[in-house]
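Work through these exercises with the structure in view. Try each task before you read its solution.

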Amino acid sequence: MMALRTRGLGKTFRVKKKEAGLSGSFRSLWKPQWETKEAVRGIDLNVREGETVAFLGPNGAGKSTTIKMLTGILHPSFGEAEVLGFTPWKEREQLAYRIGTVFGQKSQLWYHLPPIDTFELIGRIYELKRDEYARRKDDLIERFELGPYLHTPVRKLSLGERMRCEIAASLLHRPKLLFMDEPTIGLDAVVKQRIRELIRERNREEGTTVFLTSHDAGDVETLCSRAVVIHHGGVLIDEPVEKMKREVLSRKNVTLKLAEDAELVDLPELEGVAWEREKREIRLAVDLKRTTIERVLGELIGRIGFTDVNVEDPPLEEIIKYIYGMRMEKEETGWAKR
Amino acid sequence: MLTAVNRIGANARYVWTCWKVNLASAMEYRLSFLLLAGMMFVNNFIWLFFWSLFFGRFPIVQGWELHDVMLLWAISAGGFGWAAMLFGNFPRIASIVATGQLDVYLSQPRPVLLSVLVSRCSVTAAGDFAFGVAVYLMVGDTSLTGALLFVLGLLISGLLFIAVMVIAGCSAFFIGNAEGMTQQLFNSFIALTTYPSDIFRGLAKLAIFTIVPAGFISYLPIGLLKSPEPGFAILATFVAFGLTLAGSLLFRLGLRKYASGNTIAMRS
């Protein structure tokens with residue numbers, strides 16, 4: 001069953017255009033000029049229940065605007081959308097009972113109060129029965145390890161602690177669909193990893209559909225099975241994360257851990273391989289269009305002694321960068337747009 | 001999904017919890033809370049002191065005496081006090097809309113305007129409310145009828161404050177940055193509600209019943225206390241509720257134009 005479906009969903013904003021400087025300001029005051037900015041340009045999307053979808057794109061691509069239309073915050077300028085069977089901007093309240101939202105830059109926690117007070121308020125907002133609320137709250141407190149700072153005012157929490165409380169608060173009413181806009185923004189690597197694990201756990205155990213925007217490749221790689229990349233307000237690519245990584249960028253990163261007694265010799269010249277060494281670790285970037293992993297490792301075995309080898313896909317940032325590059329090339333050479 | 005009665009009950013429980021949370025939030029800084037509320041109480045009394053000097057020299061101005069001005073202050077400060085204590089965001093609607101802070105309220109299954117209004121408690125307003133009640137006890141009619149009329153007067157005055165500022169704040173949906181304009185209106189509104197409307201003539205009188213409709217505060221609730229007639233009471237209540245309803249409908253209409261924003265926001 002579909003959790004979310006959009007057809008030609010789009011949003012335009014009227015933006016005042018002003019020339020630079022004070023004289024520009026006076027001209028604008030006397031004769032204002034407006035231009036229409038197309039933030040989202042007719043997006044078609046289908047998300048099945050239980051899916052974990054990453055909604056990616058550079059700043060200004062229209063990610064947040066799309067999420068805001070799907071949660072009923074913004075009215076679209078054109079197109080249609082159905083989220084869990086509801087039209088978000090027409091049936092906002094009914095939909096809100098069934099979805100959760102986490103905006104990395106907009107908190108729903110009361111700044112001067114401890115998170116437990118906001119939890120209590122959220123229990124009322126979603127009309128949770130008292131015993132059901134208590135059970136759910138205790139469960140989330142345990143899983144998100146919130147116990148130590150549950151009674152500390154939010155203003156005194158670290159960003160990571162606050163974000164864990166924020167996500168737990170958005171899960172109190174057991175939403176079927178969780179929208180997350182940059183949930184790991186500004187967090188350190190350890191906290192990011194913990195938050196990803198917790199969200200993945202909710203998806204696995206409760207079947208919560210996850211729809212998230214992020215600039216962090218780790219969020220996508222760890223959490224999502226599918227990636228939708230948008231650019232200039234339109235969908236550029238919509239594929240499984242694994243497929244996208246495999247097909248779009250034909251490069252592998254290989255890391256060799258050298259044996260204790262191995263000599264730190266330079267690597268031989270190998271076609272399609274760039275390398276760098278840091279202490280007793282050698283990192284290779286292998287271009288699979290020009291060579292194979294098997295050939296590269298075959299050349300190295302016997303020449304240098306290593307104790308471990310790790311073959312990885314490149315980080316997603318590189319993939320997205322590559323897709324944008326490819327798109328620009330296509331546009332320049334007149335290729336058909338996707 | 002919910003019947004109308006269930007819905008009202010659920011919203012009432014939500015509002016009650018919000019008020020408790022607001023009070024708890026204000027009490028986080030107990031000393032600041034007491035100082036701010038106390039200072040506002042004293043500040044209002046200083047104004048009354050100036051009025052007493054004025055009426056010492058001119059005992060009657062257009063039919064108004066010191067007693068009437070004190071009642072006006074009781075109604076105006078008391079009405080503003082309860083409105084700002086319980087629905088503390090009403091003067092900030094324009095700023096909330098213009099900076100995209102409605103997102104959190106829109107993502108929750110509650111009436112948006114109600115959620116916005118009850119999400120803040122003005123600490124200083126507790127001093128205004130206490131001042132209003134104290135002045136009424138000093139100069140007002142303390143019989144049961146008098147007390148009931150005072151409560152009705154406070155209700156009308158508070159609703160007028162909320163309705164006017166919600167209507168003004170909604171302009172942010174349509175013209176964008178309306179914060180400066182509504183702040184100016186708010187300041188003028190507050191100041192003019194403490195002047196007898198009868199002292200204004202011609203265009204000035206027209207202005208205080210239209211552009212800055214502060215005249216209604218001295219006309220409706222004070223009219224109610226000065227000449228308590230059922231017809232006038234019904235009319236005054238009807239006007240106050242009518243304006244509140246108009247504000248609520250305008251806000252609903254404005255939501256279609258809401259453009260959100262990328263301000264980093266915390267609820268306090």
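**Exercise 1. Find the handedness with which helix 4 of chain A passes helix 1 of chain B, then describe their contact.**

Step 1. Helix 4 of chain A crosses helix 1 of chain B in a left-handed way. A crossing is left-handed if the near helix is turned anticlockwise from the far one by less than a right angle, and right-handed if clockwise. Helices (H or I, at least four residues) and strands (E, at least two) are DSSP runs, numbered from the N terminus.

This is a predicted model: local features need pLDDT of at least 70, side-chain atom pairs count only at pLDDT 80 or more, and totals for chains, interfaces and linings use all residues. Residues are numbered from 1 along each chain as its sequence is written, while chains are lettered from A and ligands numbered from 1 in the order in which they are written.

Step 2. Take the geometry. Helix 4 of chain A covers residues 115-125. Its axis and that of helix 1 of chain B come within 9 Å and cross at roughly 165°. Axes are lines fitted to C-alpha atoms, for helices over the stretch in contact, and angles run from 0 to 180 degrees between N-to-C directions.

Step 3. Classify the angle. Helix 4 of chain A is therefore roughly antiparallel to helix 1 of chain B. Angles under 35 degrees count as roughly parallel, over 145 as roughly antiparallel, 65 to 115 as roughly perpendicular and the rest as oblique.

Step 4. List the partners. Helix 4 of chain A brings Asp117(A), Glu120(A), Leu121(A), Arg124(A) and Ile125(A). Helix 1 of chain B brings Arg13(B), Tyr14(B), Thr17(B), Cys18(B), Val21(B) and Ala24(B). Two residues are in contact if their C-beta atoms, placed from the backbone, lie within 7 Å.

Step 5. Sort them. Six are nonpolar, one is polar and four are charged. Ala, Val, Leu, Ile, Met, Phe, Trp, Tyr, Cys and Pro count as nonpolar, Asp, Glu, Lys and Arg as charged, and the others, Gly among them, as polar.

**Exercise 2. Which element of chain B gives the most to the side that touches chain A?**

Step 1. Count both sides. Chain B puts in 27 residues and chain A 31 residues.

Step 2. Look for elements that supply at least two residues on the chain B side. They are helix 1 (4-27), helix 5 (103-106) and strand 1 (265-267).

Step 3. Pick the top one. Helix 1 of chain B gives the most, with eight residues.

Step 4. Sort the chain B side by class. It has 14 nonpolar, seven polar and six charged residues.

**Exercise 3. Describe how helix 8 of chain B packs with helix 13 of chain B and with helix 12 of chain B.**

Step 1. Start with helix 13 (residues 230-255). Helix 8 (residues 144-169) of chain B meets helix 13 of chain B at about 25°, and their axes are 8 Å apart. That makes helix 8 of chain B roughly parallel to helix 13 of chain B. The crossing of helix 8 of chain B with helix 13 of chain B is left-handed.

Step 2. Sort that contact. It has 16 nonpolar, three polar and no charged residues.

Step 3. Turn to helix 12 (residues 215-226) of chain B. Helix 8 of chain B packs with helix 12 of chain B at about 165°, with axes 9 Å apart. Helix 8 of chain B passes helix 12 of chain B in a right-handed crossing.

Step 4. Sort this contact too. The residues where helix 8 of chain B meets helix 12 of chain B are eleven nonpolar, two polar and no charged.
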